[in-house]
Structure formats: structure tokens, C-alpha cells
Amino acid sequence: MSDMERTSIFNLENIELPGADESAPKPEFTINNDRTAEWALKKIREEKEEYERIKALADEMIAEATYKAEQARKRYEANSAFLTGKLLQYFETVPKKATKTQETYRLLSGTLVRKFATVKANPDKEKLTAWLKANGYTDYIKTVEEPKWGDFKKLINIEGSIATIADTGEIVEGVTIVEEPPEFKIKFE
């Protein structure tokens, strides 16, 4: 039987292609004439159209889900900001437990917390390292390029917007003072 005869007998529509399954057995046939070549071209076009249809559907669903998630985020942010403001107003009317850094008020579902304003020293590594070297604080330098900030910050006081050595009053260069505003937040239990 010739290849031409085999192709006419062979029903191309019943060929099961492997698809994305790399381990699937590959069908036994060859493209050896215009008819099978034409079938292969049509099959490729059909697969492409199916892919594009599925991809378009997925893109629509992703866009819809993204839109819904964005709407939910906006609703959450607006509603939680509104309710947090109301909780802050209530917080002002109740007796609070106070520590050095914050005030708290416990409820069943969570705790209302107001952290007091603080100041924080932020080192500029290069400037501080140069200052430490120039002023004899070389024990507070980790490497040639970096100060031992964790140890050194124990020596400083913050006076307004200036960092000074607590014992001597020397002004420390390379340390910026940043004021952190008070913060009201909710901790859920």
C-alpha cells in the first residue's frame, strides 16, 4: 500500500496529538503529501484560535478580578480610615494604660494604641565614621567604612535636632535627628 493510499484511508481527524503532555506518546504518521500538510496547517490554526480564545477569556477574568480586588481595597481603606477616626475619638474619652512610650486601651477584639511622638537618630555612615576617627572614638568603628552604630548610639543624647556625646557635650557630626509623629493604631487579638 502506498503512502498516498494510506493517507486516504487514515482518518486524520482521529489522530490524538500529545498537547502539553511531553510524556504522551507521539502519533505514528508522517506528512508526505499536500493533504496531510493541509490538515496540519488547519490543526495549527485551530489550536492557535483555541489558545487565543482561552487567553482572551482568562485576560477578561483577570481584569474583572483585579477590578473587584481594587474596589475592595478602596472600600476597606475608606471604611477602616473612617472607623479608626471614630475609635480615636472614643479613645480620647476612656481611661488608658500609659507607659513611657504609649497609651493603650484593651477591648475584646483588639487593643487601641497611641504611640507617643519620638525622636530618632539616623547615622550617615561615612560622615559619622570620619567624625569618630577625627575625635578619637575608633573603638566604635566596625570596619574602615562603617561605625558600630548599635554601641555608639548608647553614648549620645539628643538635644533638639542635635546629637551630642552625653559625657562631654561634643556635637556629633553625621547623625540626623528625625522626629516621628504620634501614631494611633489598632492591634487585633
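On a 1 Å grid over the protein atoms alone, a pocket is an open set of points where a 1.4 Å probe fits, with protein on both sides within 12 Å along at least five of seven lines, and its lining residues have an atom within 4 Å of a point. Grid points are joined across faces, edges and corners, and a volume is the space filled by probe spheres set on the points. The model is predicted, so that local features need pLDDT of at least 70 and side-chain atom pairs count only at pLDDT 80 or more, while totals for chains, interfaces and linings use all residues. Residues are numbered from 1 along each chain as its sequence is written, and side-chain values use heavy atoms, leaving out hydrogens and water.

Q: In what order do the elements of the protein chain run from the N terminus on?
A: Helices (H or I, at least four residues) and strands (E, at least two) are DSSP runs, numbered from the N terminus. The protein chain has four helices and eight strands. Their order is α-α-β-β-β-β-α-α-β-β-β-β.

Q: How much space lies in the largest pocket?
A: The lining of the largest pocket comprises 14 residues, and Thr84, Leu87, Leu112, Ile186 and Phe188 lie nearest its centre. The space in the largest pocket is about 250 Å³.

Q: Which element gives the most to the lining of the largest pocket?
A: At least two lining residues come from each of α2 (34-91), β3 (110-115) and β8 (183-188). By class, the lining has eight nonpolar, five polar and one charged residues. For this count Ala, Val, Leu, Ile, Met, Phe, Trp, Tyr, Cys and Pro are nonpolar, Asp, Glu, Lys and Arg are charged, and the others, Gly among them, are polar. With five residues, the element that gives the most is α2.

Q: Is Thr104 buried or exposed?
A: Thr104 belongs to strand β2 (residues 102-106). Leaving aside residues up to four places away in sequence, Thr104 touches Phe91, Lys96, Lys97, Thr111, Leu112 and Val113, where contact means heavy atoms within 4.5 Å. Buried means under 20% relative accessible area, exposed over 50% and partly exposed in between (1.4 Å probe, protein chains only). Because its relative accessible area is 16%, Thr104 is buried.

Q: How far apart in space are Asn122 and Val178, C-alpha to C-alpha?
A: Asn122 lies in strand β4 (residues 118-123) and is partly exposed, with a relative accessible area of 30%. Beyond four places in sequence, Asn122 touches Gly174, Val175, Thr176 and Val178. Asn122 and Val178 are 56 residues apart in sequence, and their C-alpha to C-alpha distance is 7.2 Å.

Q: What is the relative accessible area of Lys154?
A: Lys154 sits in the loop between α4 and β5 (156-159). Lys154 and Ala166 are 12 residues apart in sequence and 8.8 Å apart in space, C-alpha to C-alpha. Lys154 is exposed because its relative accessible area is 67%.
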